[in-house]
Amino acid sequence: MRDDGTIVIEAPTGDDMRALGRRIAARVRGGDVLLLSGPLGAGKTTLAQGFGEGLGIGEPIVSPTFTIARELDGRFADGSPAHLVHVDAYRLGGADYAPGQAAVNRLLDELESLGLDEELEDTSDDTVVLMEWGEQMAAALAPERLEIHIARPLDGADANAVDADGELTSDGTRIVTLVPVGARWSGFTL
């Protein structure tokens, strides 16, 4: 752990990413917002699958790209009911977003039209929001959040990362950086 509370973890396989998701799920509570970022194929949905397992969600966790958001029910580590809102914000806000630009207003309008603005601004006691491609949301919403940045270096040294056709596999080292933001996440550990 760094002095600023940032945690950096290496996850060499898809199973390691799912295990990390389970570990994070064991530490969340109602009202939490987690923002996942990383390039395509980095392992955001794989981590989300482990997160869902950690909340005891029986339904499969799949990328909600075409539905924008999926709502699933499970249980927190203490046994109390958990309601997961799993969001894929890839198509929201546009690719030209930068802090302070008018894109923030456009993004808020999109979230409002989907009914997600209320979930993010005032999560209920049993709701956790897990947002893939959430980095564009950080400036506009969720002053208290756990940012999860996933990098997948493909420098050729990791033979498990790419198959014979040059496609990314579920294995291959990822560097996961957890950045706690706000008082809620102060002192966060795994």
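This is a predicted model: local features need pLDDT of at least 70, side-chain atom pairs count only at pLDDT 80 or more; totals for chains, interfaces and linings use all residues.
Local features were taken at pLDDT of at least 70 and side-chain atom pairs at pLDDT 80 or more, while totals for chains, interfaces and linings use all residues. Residues are numbered from 1 along each chain as its sequence is written, and side-chain values use heavy atoms, without hydrogens and water.

The protein contains four helices and seven strands, taken as DSSP runs (helices H or I, at least four residues; strands E, at least two) numbered from the N terminus. Their order from the N terminus is β-α-β-α-β-β-α-α-β-β-β. Of the 190 residues, 46% are buried, that is, under 20% relative accessible area (1.4 Å probe, protein chains only). Among contacts (heavy atoms within 4.5 Å) with a separation of 6 or more, 68% link residues 24 or more positions apart.

Helix α1 (residues 14-25) packs against helix α2 (residues 44-54) at about 45°, with the axes 6 Å apart. The axes are lines fitted to C-alpha atoms over the stretch in contact, and angles run from 0 to 180 degrees between N-to-C directions.

Strands β3 (residues 69-75) and β4 (residues 81-88) pair in the antiparallel sense over seven bridges, where pairing requires at least two DSSP bridges. Leu-72 has Leu-84 in β4 as its bridge partner. Leu-72 also belongs to the covered face of β3, with Arg-70 and Gly-74, whereas Ala-69, Glu-71, Asp-73 and Arg-75 form the uncovered face. Five residues separate the strands of this hairpin, in which Gly-79 takes a positive phi near 90°.

How values were computed:
Buried means under 20% relative accessible area, exposed over 50%, partly exposed in between (1.4 Å probe, protein chains only).
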